[in-house]
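This report describes selected local and overall features of one model. The sequence and coordinates come first, and the description follows.

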Amino acid sequence: MIKRSILFGAVAAALLLGAPARAAEGGHDDLPHRESWSFAGPFGSFDQGQLQRGFKVFREVCASCHSANFFYFRNLSQPGGPGFSEAQAKAVASEYQITDGPNDQGEMFQRPGRLSDQWPAPFPNDQAARVANGGALPPDFSVLAKARASHVGFPGFILDAFTQYQEGGVDYIHALLTGYVDPPEGTKVQPGLHYNKYFPGHQIAMPKPISDGQVEYTDGTPATLDNYSRDVSAFMMWMAEPHLDARKRIGFQVMIFLFVFAGLLYFTKKKVWKDVAH
Amino acid sequence: MAHTETSGTNRRDFLYIATGAVGAVGVAGMIWPFVSQLQPDASVLALSTTEVDLSPIQEGQIVTFMWRGKPIFVFNRLAKDVELARAVPLNQLIDPQTDQDRVKAGHDKWLVVIGICTHLGCVPLGHQGNYDGWFCPCHGSQYDSSGRVRVGPAPLNLAVPPYNFVSDSKIVIG
Amino acid sequence: MEGHSTYQPQGKIARWFESRLPIVGLLHSSAVSYPTPKNLNYWYTFGAILTMMLGVQILSGVVLAMHYTAFAPISFARVEHIMRDVSFGWLLRYIHANGASMFFIAVYIHIFRGLYYGSYKAPREVLWILGVIIYLLMMATAFMGYVLPWGQMSYWGATVITNLFSAIPVVGTVIVEWLWGGYSVGDPTLNRFFALHYLLPFMIAGVVILHIWALHHVGQNNPDGVEVKSVAKDTVPFTPYATVKDIFGMVVFLLFFSYFIFYIPNYMGHPDNYIPANPLSTPAHIVPEWYFLPFYAILRSIPDKLGGVLAMFSAIAVLAFLPWLDTSKVRSARYRPLYRQFFWIFAVVAVGLGYLGSQPAEGGFVIASRILTAYYFIHFLIILPLLGLFERPKPLPASIADAVLARHGATVVAGAAAPQTKG
């Protein structure tokens, strides 16, 4: 009886709520396309080659304007990451000059980076970043892939719980990087802004940051904008969620364990209750 | 589930034992992350090296640096400090160890030790006590010019941290 | 928590101890020999599930507090430090963040179960009101906890909710500034919220003990809504019967919980909370956590500031008066054909308000939330009092044992057609 009532309730809710949701959504042909990512789904994990390429794009292009304050050189060699050796990570770190100090003379000084150092920010503070970028602040990259999403209405957001869709942020970033197109007829783009198909409001302060052939790939991957964008998005997802691989791996073990335990408990419960009418 | 005498069930029943055992494994598994989080985290582990420039340290001077949140004493010893330390017969020591074992060959005048009393963790005072070394104000332990304990209650010599000379005037600790 | 004890201390030491502090006997009488109605279904395992969730939240919260720092300029970074550097920090943080949502899912099921089976009626009024108090404390705790990561949603959620108090005439502004400890939400606010967020769960635990005490004093309600007539015929001892059933319920709930922790940990959260708090820019579309959405919709449906705040608080306060608003003598919706329909309409309205709370306050959404808000209050203030007078309930079973017997008789008949069906 309860089951039937729940069904009735669910159907009523769907009818009641579906109508305004559909009405509100209208035409969303500018919604980011859902890409297929190696780290999506219950058994997903990062593709080391992709993270290494993404890191290259990040350091050669993005990092000249964007900071990544929660990202440390030591992260490059940690498990579940791009798979650099500790020596490689140290070599990367030593290519950067880090401000340290004060020394015995009370002065700040420059020294080569170490594993324990934060990724150096391109600008000393937000104000300096704004001045250098026409008044707009380039957002920090550390958790940006989790800070962005595209709108999902009813009932899509319920389906997403079942399909484990957690890649709204990377899909958006990929779409944004590849979404610089000529503005449609009659659109007036404000001075200092650029037209982007996927940016909310379509007018973004960041000029088209990367084009085909700009970064050299050494592993044979075609040096196209689409690949750059895909790789750097994946790299940003890893920066935002560095323990994703471990999370999904442990999660599977936990789920299996709980299934077995729940099964055993079910039969235990049946056995305990077998002589009691209830 | 401890008392299952009711309704004629059997305590040795395989199902109950299996369920209980799996449950115990689950509880143990759940406890682990809560214990594991206590260990030093990745950012602490990464801060394990410190570079020290020796050139400003005068002869006879003890300078304190910080490494892993602990004080490191760097002692630029005079020739007499070294001689004194090497003249002591090992059988007079509480924790026998030669001075040569406590310094880097070729850099014999430089003593680098962790500045923490091996008794209960206080920081000993330099150039005090009767042995040309350190005196711990907490419980009166005394260390010599090689950082070896000479008067208790401390049981061990001041520890030598892992370090290397990268040049004649620069060491890297850790 | 009292009576029913059949505990006999075994051995000299146990007897010596029991005569000085009868705590083992107390535990025995409330968790072992306590008689539970034999017809309880799985909806009744949510009390145990909620107790487990309170434990999970306190444990994971205490551990997180060991790594967190309540200081506005660095709190966001400290949470990321937990996520990145602390061993299993990501797990503990996702347990705690999703645990809050799971806690509310369980409490809503628990509340709606109480509504369906009339668990608030005499003699369980105090039990019910204690539950409403726990619910209020949970909301306060969850709200303050959401502020701690100091993201955009934390900051603006705190701003909007504390500003509710500015609706109070004359002293409103002063009260809000005292809540903030400044002229806007800031570091003093964050610090006091952290202190209270740590304190309130222990107050919840205290009220939970009273809640269980009241429950064990009056005895559990049950799906048939008739009182226990004979302990021997109508009940079974808590252990092992209810214990094993509760543990099974808890493990199934943990499966559900784990799915969120490990596979969709950010599903319940809002992406904007991964942007550090910025007092100069409000996110385009701010919404509270999902469990506040129905009340948020009620707040926004009233076009007057004070009126909206009063409506929102009344929507919770009205629950405390439920035992006297429902005039029917019959408890369970099983025997109230009309109430059962209204119960499901109310459930749909509550979910609908939740959906509307998540939508922008414009156009059709505003009209819809006004209609549903009106219905929310009509349900409690008009439908329930009248229903008790006009509804003709089905005949009640003489006892729990009779009800069970009747159902099993029915199963035997049905069993002829489908032999594998079991009760």
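Q164(A) is buried, with a relative accessible area of 8%. The model is a predicted one. Q164(A) sits in the loop that runs between helix 6 (156-163) and helix 7 (168-177) of chain A. Its phi is near 55°, which is a positive value in a residue other than glycine.

V170(C) also has a positive phi, near 65°, and is likewise a residue other than glycine. This residue belongs to the loop between helix 7 (152-163) and helix 8 (172-180) of chain C. V170(C) counts as exposed, at 83% relative accessibility. The cut-offs are under 20% for buried and over 50% for exposed, so Q164(A) at 8% falls in the buried class and V170(C) at 83% in the exposed class.

| Residue | Phi | Relative accessible area |
|---|---|---|
| Q164(A) | near 55° | 8% |
| V170(C) | near 65° | 83% |

**Cis peptide bonds in chain C**

A122(C) and P123(C) are joined by a cis peptide bond with omega about 5°. P123(C) is placed in the loop between helix 5 (89-116) and helix 6 (125-147) of chain C. Another cis peptide bond links T239(C) to P240(C), and omega is about 5° there. P240(C) is part of helix 11 of chain C, which covers residues 238-263.

Is S142(A) buried or exposed? S142(A) is buried, its relative accessible area being 0%. The residue lies in the loop between helix 4 (126-132) and helix 5 (144-147) of chain A. Leaving aside residues up to four places away in sequence, S142(A) touches A68(A), N69(A), F70(A) and F71(A), together with M239(A), A240(A) and R84(C).

**Chain B as a whole**

The secondary structure of chain B consists of three helices and 10 strands. In order from the N terminus, the elements are α-α-β-β-β-α-β-β-β-β-β-β-β. The radius of gyration of chain B is 26 Å, whereas a compact globule of 174 residues would have one near 16 Å. Along the principal axes, the C-alpha atoms of chain B occupy a box of roughly 85 × 35 × 25 Å.

Of the 174 residues in chain B, 40% count as buried. The accessible surface of the chain is about 9100 Å², and carbon and sulfur atoms account for 59% of that area. Where contacts in chain B join residues at least 6 apart in sequence, 51% of them connect residues at least 24 apart.

**K109(B)**

One residue of chain B can be taken as a local example. K109(B) is in the loop between helix 3 (79-87) and strand 4 (110-114) of chain B. Its relative accessible area is 31%, and K109(B) is therefore partly exposed. Not counting residues up to four places away in sequence, K109(B) is in contact with E59(B), F75(B), N76(B), R77(B) and V82(B). K109(B) and F75(B) are 34 residues apart along the chain, and their C-alpha atoms are separated by 7.9 Å.

Strands of a sheet pair through backbone hydrogen bonds, in either a parallel or an antiparallel manner. In chain B, three strands make up an open sheet with the order 1-10-9 and antiparallel pairing. Strand 1 (50-53) and strand 9 (163-167) of chain B stand at the edges; each has a single partner strand, so one side of each is left without a neighbour in the sheet. From one strand to the next, the twist averages 25°.

How many bridges join strand 9 of chain B to strand 10 of chain B? Four bridges join these antiparallel strands, strand 10 covering residues 170-173. A hairpin of two residues connects strand 9 to strand 10 in chain B. Across this pair, F165(B) stands opposite I171(B) of strand 10, and S167(B) stands opposite K170(B) of strand 10.

How values were computed. Residues are numbered from 1 along each chain as its sequence is written. Chains are lettered from A and ligands numbered from 1 in the order in which they are written. This is a predicted model: local features need pLDDT of at least 70, side-chain atom pairs count only at pLDDT 80 or more; totals for chains, interfaces and linings use all residues. Side-chain values use heavy atoms; hydrogens and water are left out. Buried means under 20% relative accessible area, exposed over 50%, partly exposed in between (1.4 Å probe, protein chains only). Contact means heavy atoms within 4.5 Å. Two strands pair if DSSP finds at least two bridges between them. Axes are lines fitted to C-alpha atoms, for helices over the stretch in contact, and angles run from 0 to 180 degrees between N-to-C directions. The radius of gyration is taken over C-alpha atoms; the globule rule is 2.2 Å times the number of residues to the power 0.38. Accessible areas come from the Shrake-Rupley method with a 1.4 Å probe; for residues, only the protein chains shown count as cover.
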